[in-house]
Amino acid sequence: GTVSVTDGNETWSDVDGDGVMSSNLAVPGGSGSVDYDTGAVSVSFTTPPIIGANISATFNFFAPGTVENPTSGKSGSPIFLFTVRQNGNRMDLVDDLGDSYVGRIEDPFTDFSNETETGAGTTTTDTTTTDQSAIERAVGLSYPFEVTGTSAGNPIRIVGTIKAEVTTFFARKTEISANGGVTSVLEEVSRRTSFRMVASWIEVNTGASASIDAVGPSDEGVVVLSP
């Protein structure tokens, strides 16, 4: 809604944020448009600009990953950060403008689950043979949620999913004694987690919406047991 094109005489701007540009002249004869998906701007001046006239375009833009873009409505300043708090099935979001959104987060469903194992050699003593292997278990979980609140005085719904990926690393030690007895121990060594929120921002009164694709903190390998 902030695109404006002018030759110093006639100015075209998107007053309603709908991609249709309007002229400041009382009786405009041209037309103007802006495509917010591609960034293409097209203007046909009512009176052709004079030769050598400077034609300038001005606009504000929001970087990828923010929750507001030029078609998001009129909620105010862009939002760059959400703080997520969860207690049971209650979910609270607080944005970096200080607005809060409260609702429910559902129990997760599994997106994927896999396990790989690699050998790590053997050691032999007089009485036992120890086989060591490393195991990696990866699980992807999705938590659907919906919260409501207000932003700049406008009622807001945020509907989406929080995706969690947890990769756990284990060390397996299997001891085979001389008399044939087998003892197997599986020890968790480290864990890596990551979170991502994929959702839709919906302004209840206007129907305007925007996409949220927010990457949360990644825990790059918490040591559970010392080697």
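These are my notebook entries on a predicted model of one protein chain.

**Entry 1: ground rules.** I number residues from 1 along each chain as its sequence is written, and for side-chain values I use heavy atoms, leaving out hydrogens and water. Since the model is predicted, local features need pLDDT of at least 70 and side-chain atom pairs count only at pLDDT 80 or more, while totals for chains, interfaces and linings use all residues.

**Entry 2: the whole chain.** I looked up the secondary structure and found zero helices and 15 strands. Helices (H or I, at least four residues) and strands (E, at least two) are DSSP runs, numbered from the N terminus. Of the 227 residues, 26% count as buried; buried means under 20% relative accessible area, exposed over 50%, and partly exposed in between, with a 1.4 Å probe and protein chains only. I then checked contacts, meaning heavy atoms within 4.5 Å. Among contacts with a separation of 6 or more, 50% come from residues 24 or more positions apart.

**Entry 3: strand pairing.** I count two strands as paired if DSSP finds at least two bridges between them. E12 and E13 are antiparallel, with 21 bridges; lysine 173 has valine 185 in E13 as its bridge partner. Four residues lie between these strands in their hairpin, and glycine 180 in the turn has a positive phi of about 95°. E13 and E14 also run antiparallel, joined by seven bridges, and valine 198 is bridged to aspartate 213 in E14. Their hairpin has five residues between the strands, with glycine 207 at a positive phi near 80°.

Entry 4: Most residues other than glycine have a negative phi. Alanine 152 is not a glycine, yet its phi is positive, about 55°. I placed alanine 152 in the loop between E11 and E12, and it is exposed, with a relative accessible area of 54%.

**Entry 5: nonpolar cores.** A nonpolar core is a set of buried Ala, Val, Leu, Ile, Met, Phe, Trp, Tyr and Cys residues joined through side-chain atoms within 4.5 Å. The largest has 16 residues, and those with the most contacts inside it include Phe82, Tyr101, Phe145 and Trp201. Among the strands giving two or more residues to this core are E8 (90-95), E11 (128-151), E12 (154-177) and E13 (182-203). Beyond four places in sequence, phenylalanine 145 has contacts that include Met91, Leu93, Ile158, Met197 and Ala199. A second, separate core of six residues includes Val5, Trp12, Met21 and Val34.

Entry 6: Tryptophan 12 sits in strand E2 (residues 11-13) and is buried, at a relative accessible area of 2%. Its C-alpha atom is 9.1 Å from that of leucine 25, 13 residues apart along the chain. Serine 4, in strand E1 (residues 4-6), is buried too, at 17%. Leaving out residues up to four places away in sequence, serine 4 touches Trp12 and Met21, among others.

**Entry 7: the largest pocket.** On a 1 Å grid over the protein atoms alone, a pocket is an open set of points where a 1.4 Å probe fits, with protein on both sides within 12 Å along at least five of seven lines; lining residues have an atom within 4 Å of a point. Grid points are joined across faces, edges and corners, and a volume is the space filled by probe spheres set on the points. The largest pocket comes to about 500 Å³. Of its 22 lining residues, the closest to the centre are Val84, Ile162, Phe195, Met197 and Gly216.
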